[in-house]
Amino acid sequence: MTTTDVKQIAFTDAGFKSSVLDNTRHLGCRVLHSITDDVRIEPSHNGLTLTTHTETWRFVTELDASDKAYQAVCQGNQVSVKWLQDERIAHFQADKLTKINQNDLAVALACFIEQGYEHLDAMTLALAWLTQQARAGGAGWPEDRTWFPNTSFTNDHCLPQKGQFSPIRKELFTLYPVVDTVEWLALVLEQGVTTTQLRIKDPNDPDLKLKIQQAIALGQQYGAQVFINDYWQLAIELGAYGVHLGQEDIEVADLTAIQQAGLRLGISTHGYFEIMRAFNLKPSYIALGHIFPTVTKDMPSQPQGLTRLGQYVALINGAYPTVAIGGINAERLPKVKATGVDSIALVTAITRADDPKLATQTLLKAVVDKGASNAVVCE
């Protein structure tokens, strides 16, 4: 790391104390006292205020509706976070910390915000980093899931004790086309695809039930793992292999009913907070995205990129199968595969190809065969 790589963070209170100040260099940051820097850590009327280039945090004694800043309450080894534009309260529990030091947390949080992480991911990483040091794990970038906090939103679904979702067949979890019609589903299965997803965007489609029924039948015909996106009630009713749900979907779906029906569950995630949240539900697999800019749907999050994908794969460390999704094409596929992710989801690389059948065959070979990792097909 060169001097120019180090991000400068300054606190404006001369009396500020933090036991981790010197270790911030391991995160590519240098925290020091200054009266001119735009990033400030300073006392406020009821706690501590952290102001960065992009956001303001207030560490308070209780959450309230007084402003639109991020608010955080530290109680023992727990942190509650609220952003008034969202209204939801996020919870973090660092079981391996006895007590969270507010000054240390502000310093760590500032570092991860300056590295470009959004607020919930930055808090997740800050707590992991502090736990790692408290447990003599060093001050490097946190990668071991042992140090990471449990994350959740208020009123998150809790599965019955010992409840978990049925596992997938990992040997079939390779190329993962996501398609929007039964015709496309049939095409990819005919080419040897063994895991795929039907994502019909229109919930008012008059033939929705019939199409899901046909998708399930095709999966049974080809011995494939066919997941139904979103429509979990029909998936249960019709006996689907599995369902795939986004972060918003898991807040409204009856996850216990899905689990007790024996369906597999895939969950979309977009960063550290959501990955750790997914662990609470013991899913069949975890989707990591979106990796690159995508044209298939509007995304509220930023592209994760290959570096973060590799970090997420290392964090999960085989606890659940993983699939990378979002903007992946034939050219990008080898580098995505090199991160160690178990499966690779593709959409337009197949549906917009000049020869979709050949594209599917070639992409499948590139994912499955080590010697074909550099294969390129038309898009």
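Let's start with the barrel. Eight strands close it, in the order 10-11-12-13-14-15-16-17, and the pairing is parallel. Strands here are DSSP E runs of at least two residues, helices are H or I runs of at least four, and both are numbered from the N terminus. Two strands pair if DSSP finds at least two bridges between them. From one strand to the next, the twist averages 25 degrees. Axes are lines fitted to C-alpha atoms, for helices over the stretch in contact, and angles run from 0 to 180 degrees between N-to-C directions.

A word on the source. This is a predicted model, where local features need pLDDT of at least 70, side-chain atom pairs count only at pLDDT 80 or more, and totals for chains, interfaces and linings use all residues. Residues are numbered from 1 along each chain as its sequence is written, and side-chain values use heavy atoms, with hydrogens and water left out.

Strand 14, residues 264-269, runs parallel to strand 15, joined by 4 bridges. Ile-267 has Ile-286 in strand 15 as its bridge partner.

Next, helix 3, residues 182-190. Which of its residues are buried? Val-182, Leu-185, Ala-186, Leu-187, Val-188 and Leu-189. Buried means under 20% relative accessible area, exposed over 50%, partly exposed in between, with a 1.4 Å probe and protein chains only. Their cover includes strand 10, strand 11, helix 4, strand 12, helix 10 and helix 11. After helix 3 comes Gly-192, with a positive phi near 105 degrees.

Most residues other than glycine have a negative phi, and most peptide bonds are trans. Ala-136 has phi near 60 degrees. It sits in the loop between helix 2 and strand 9, and is exposed at 73%. Asn-155 has a positive phi of about 70 degrees. Its loop runs between strand 9 and strand 10, and it is exposed at 77%. The Gly-289 to His-290 peptide bond is cis, omega near -20 degrees. His-290 lies in the loop between strand 15 and helix 8.

Conventions: Contact means heavy atoms within 4.5 Å.
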